[in-house]
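Here is a friendly tour of the charged, aromatic and sulfur-bearing side chains in this protein. Keep the sequence and the model open beside you as you read.

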Amino acid sequence: MLRTLETLRQEVVEMRNKMRASLVRGRANEFDIKQGFGGMTDIEFIGQFLVLAHAHEFPDMVLWSDNVRIFEECARLGLLPSAQAKQIIEAYLSIRNCYHKRSSRAEIFRRPHHGRGQRSE
């Protein structure tokens, strides 16, 4: 039995919120670029949601495990406007590159932030 799109959305949001609550790191004034709101993992969850929501209709979506190709495929299939998919891909690559550079220098939490997606100490 297929879940409704709204049920799937609620389940994915709940799962992401549970992950964020247990995995977000850093001090109160620092943004966790991987687990914080709008960070790398949120974009990955968007891609996975799109696969779960539409793979029954477009089986080729499951051919790709990487997020860039998932968003490209969503644009090709008309599930996302091409311009929006391009923006998501660019944002994801930028965030991912920043995360990898900072993690290699142990600076993941150097960017001050005053918003959601952070944990206080």
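## Ground rules

A residue is called buried when its relative accessible area is under 20%, exposed when it is over 50%, and partly exposed in between, using a 1.4 Å probe and protein chains only. You are looking at a predicted model, in which local features need pLDDT of at least 70 and side-chain atom pairs count only at pLDDT 80 or more, while totals for chains, interfaces and linings use all residues. Residues are numbered from 1 along each chain as its sequence is written, and side-chain values use heavy atoms, with hydrogens and water left out.

## Salt bridges

Side chains of opposite charge can pair when their charged atoms come close. Here a salt bridge is a side-chain nitrogen of Lys or Arg within 4 Å of a carboxyl oxygen of Asp or Glu. How many salt bridges does the rule give? The count comes to five.

One of them joins arginine 9 to glutamate 6, with the closest N and O atoms 2.6 Å apart. Helices and strands are DSSP runs numbered from the N terminus (helices H or I, at least four residues; strands E, at least two). Both arginine 9 and glutamate 6 lie in helix α1 (residues 5–23), three residues apart, or about one turn of the helix. Arginine 9 is partly exposed at 37% relative accessible area, and glutamate 6 is partly exposed at 39%. Another salt bridge pairs aspartate 66 with arginine 69, where the closest N and O atoms are 3.6 Å apart. Aspartate 66 is partly exposed, at 29%, and arginine 69 is partly exposed too, at 41%.

## A link between two helices

Aspartate 42 forms a salt bridge with arginine 16, their closest N and O atoms being 2.7 Å apart. Aspartate 42 belongs to helix α2 (residues 40–54) and arginine 16 to helix α1, so this pair ties together parts that are 26 residues apart in sequence. Are these two partners buried or exposed? Aspartate 42 is buried, with a relative accessible area of 15%, and arginine 16 is buried as well, at 4%. Arg16, Arg20 and Asp42 are linked in a network of salt bridges.

## Arginines over rings

A charge sits over a ring if NZ of Lys or CZ of Arg is within 6 Å of the ring centre and within 35 degrees of the ring normal. The charged end of arginine 16 sits over the ring of phenylalanine 45, 5.5 Å from its centre. Arginine 20 lies over the face of phenylalanine 37, at 3.8 Å from the ring centre.

Phenylalanine 37 is placed in the loop between α1 and α2 and is partly exposed, at 32% relative accessibility. Its C-alpha atom is 8.4 Å from that of arginine 20, although the two residues are 17 apart along the chain.

## A buried aspartate in the loop

Aspartate 32 is also found in the loop between α1 and α2, and it is buried, with a relative accessible area of 0%. A polar atom of the aspartate 32 side chain lies 3.1 Å from the backbone nitrogen of lysine 34.

## Cysteines

A disulfide is a covalent bond between the sulfur atoms of two cysteines. With a disulfide taken as a pair of cysteine sulfur atoms within 2.5 Å, the count comes to zero. Cysteine 74 is buried at 0% relative accessibility, whereas cysteine 98 is partly exposed at 25%.

Terms used: Polar contact = N/O pair within 3.5 Å; in protein donor to acceptor, adjacent residues only side chain to side chain.
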